[in-house]
Structure formats: C-alpha cells, structure tokens
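Student: Please pick one part of this model and go through it closely. Then set it in the context of the rest of the chain.

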Amino acid sequence: KDNCVSTFDEIMELNLVPAEYTWLLDKLRARYNQKIQKECVNNIGKIFGSELDGREKIEKANHILKETVVGIDSIHKKQIYKEGSLADSAEGRLKHYEAVEANPEIARGTLTGLKEFDRITNGLHPGELMIIAGDTNTGKSILMHNIGVNAYLGTNNPCRITDNIRNDGKNILYFSLEMPKESIERRIDACMGELYYMQLRDGALNEEDKERYRQIIRFQMNYNKNFYVVDMPKGATVREIELKYIEVLETRFKPDLVIVDYLGIMSRNS
C-alpha cells in the first residue's frame, strides 16, 4: 500500500510536455503496428502447418488478414474529430450561413424520395446513422431499397429521358446479407422500370415493358453514378463490412450513402 501511494505521488509530480507525449504515442503506435503484423504472420504460419484441408486454411488465413488490416487501421484513427470554442468558429459559422442562404444546395443532404422525411431532415447528411426498425415482414428491406434507388436516380426518371441525363444522383453502396446480388439487381431494375418483378424474373415481359427494360439498362450503362451491390454471407461482422467499405472507397468510388440489409442477421465482432 505504501509503495502504491509513493508511486502515485511520483506520477503526480511529473511534468509532462505535450510534444514528448505525442512523440511517445507515435512510437507506441508503430511498435503495436509491428506486433500485429508479426502475430498475423505467425498465426498464418500455424494455419498452413496444421492438418486442415486446403480450403479451410485459405478461409482462416483470409480472416486473419482482414482482422489485421482493420486492426492496423484502427490504430491510426483519431477519437476526437473536432474541438474548439464558440468564439474560434463564430466568424466561420456566419460565413457558412451566408453561403447556404445564397445557395441552399450546400446544406442539402442525400434525399430519400420520402417527401415529408426529406422536408424535415433536408436529406441524410455525412456521418449520420439511421436505423429502420419494425416487425418481421413489415417492409424494412423494401423501404431501404427504395431509398437507395431514389437517392441514386436523383431527379432522373430512366423511363422518360429524352435529353441529357442529369448527374444529380448519389453513389450508393448496398450491402445485402439476405438476398443474392442477382435478386437485388433484378429488384432495382423492376423498380426503376416500373415493371413487375416476377415477369422480369420469369422472362415474361410484353414488348412495351421489354423496351422500357432496355431503356433503364442503357441509362445505368451511361449514368456516372454508382449503385454498388455487395452480397455478403449471413452473419457477417461490422469489421468485415467496414473492411469492404474501405476497399470500395480506396479502389472504386466514394459512397454518398451506405445501406446494410440488415442488422438483425449480422454477427458481433469476435
């Protein structure tokens, strides 16, 4: 007990220099980064030296690699995004208001196509999390699907485009843990083309609907926005979804809206 009190008193008398603390923190990050990498190599080596079959070895090794990448990424994330006093940002806030007053589009988020919701929220804004909750078979997936399609299209109606396509839609990243990619895409096509899903699925469109289907396919091919579907297995974790998001962000495009269908069939991070 006396030793603990003595140690505590010594710590309280220390004079910390912020610059030194930052330097030490950066060194700790680098060392921990090395530790994670070494553990990754060792664990993968153990897997390939085990009696598992080839497929199991690859799956377990891939899982370790994914966990390692996410772990390294989390080391360098900052927990504080912004800070400061009202006085420091007062002039900037006034300028931002004046800019929004002159151009209201600045403050508009991703519109969902739900008029009353969009009126109240002015759209979904970066960093916001929205959870759609409800009983089984009450239309949660359909609602999320329609929000994604509406945001992607913007003011375009792909069945009635006669001139140039308006590029005012949004880039959508859609995670499906329940339906296969082909079914999601078919549902999107049916929604955009105002077609019956089952007729589209069964190849039973009449000539008028078939021409409408061709039109929305042409629209998707020429549109400069992305609706990117990721078919993930049931039970995927938040880390696995985050890792795929980072991959899309770094190699393909920056999503304006991310939809995950759905929370109830995800698993906790191990």
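Tutor: Helices α7 and α9 are roughly perpendicular to each other, a label for angles of 65 to 115 degrees; under 35 degrees counts as roughly parallel, over 145 as roughly antiparallel and the rest as oblique. This is a predicted model, in which local features need pLDDT of at least 70 and side-chain atom pairs count only at pLDDT 80 or more, while totals for chains, interfaces and linings use all residues. Residues are numbered from 1 along each chain as its sequence is written, and side-chain values use heavy atoms, with hydrogens and water left out.

Two packed helices are described by the angle between their axes and the distance between the axes. Here the axes of α7 (residues 181-193) and α9 (residues 207-222) cross at roughly 110 degrees and come within 9 Å. The axes are lines fitted to C-alpha atoms, for helices over the stretch in contact, and the angles run from 0 to 180 degrees between N-to-C directions. D189, M192 and G193 of α7 meet R212, Y213, I216, I217 and Q220 of α9; contact means heavy atoms within 4.5 Å. Sorted by class, four of the residues in this contact are nonpolar, two polar and two charged. Ala, Val, Leu, Ile, Met, Phe, Trp, Tyr, Cys and Pro count as nonpolar, Asp, Glu, Lys and Arg as charged, and the others, Gly among them, as polar.

Helices (H or I, at least four residues) and strands (E, at least two) are DSSP runs, numbered from the N terminus. A nonpolar core is a set of buried Ala, Val, Leu, Ile, Met, Phe, Trp, Tyr and Cys residues joined through side-chain atoms within 4.5 Å. Buried means under 20% relative accessible area, exposed over 50% and partly exposed in between, with a 1.4 Å probe and protein chains only. This core has 21 residues, and Y152, I172, I188, M192, F227 and L257 have the most contacts inside it. Helix α6 gives the most to it, with six residues. Apart from neighbours within four places in sequence, L257 touches T110, L124, I147, A151, N171, I172 and L173. A second, separate core has 11 residues, including V230, A236, I241 and I265.

Strand β1 also holds S176, which is buried at 1% relative accessible area. Leaving out neighbours within four places in sequence, S176 is in contact with I184, V230, D231, M232 and D261.

In α6 lies K140, which is partly exposed at 22% relative accessibility. Beyond four places in sequence, K140 touches I132, A133, G134 and D135. A133 belongs to the loop between α5 (115-121) and α6 and is exposed, at 70% relative accessible area.

As for the whole protein chain, 10 helices and three strands are present, in the order α-α-α-α-α-α-β-α-α-α-β-α-β from the N terminus. Of the 270 residues, 27% count as buried. Among contacts between residues at least 6 apart in sequence, 68% join residues at least 24 apart.
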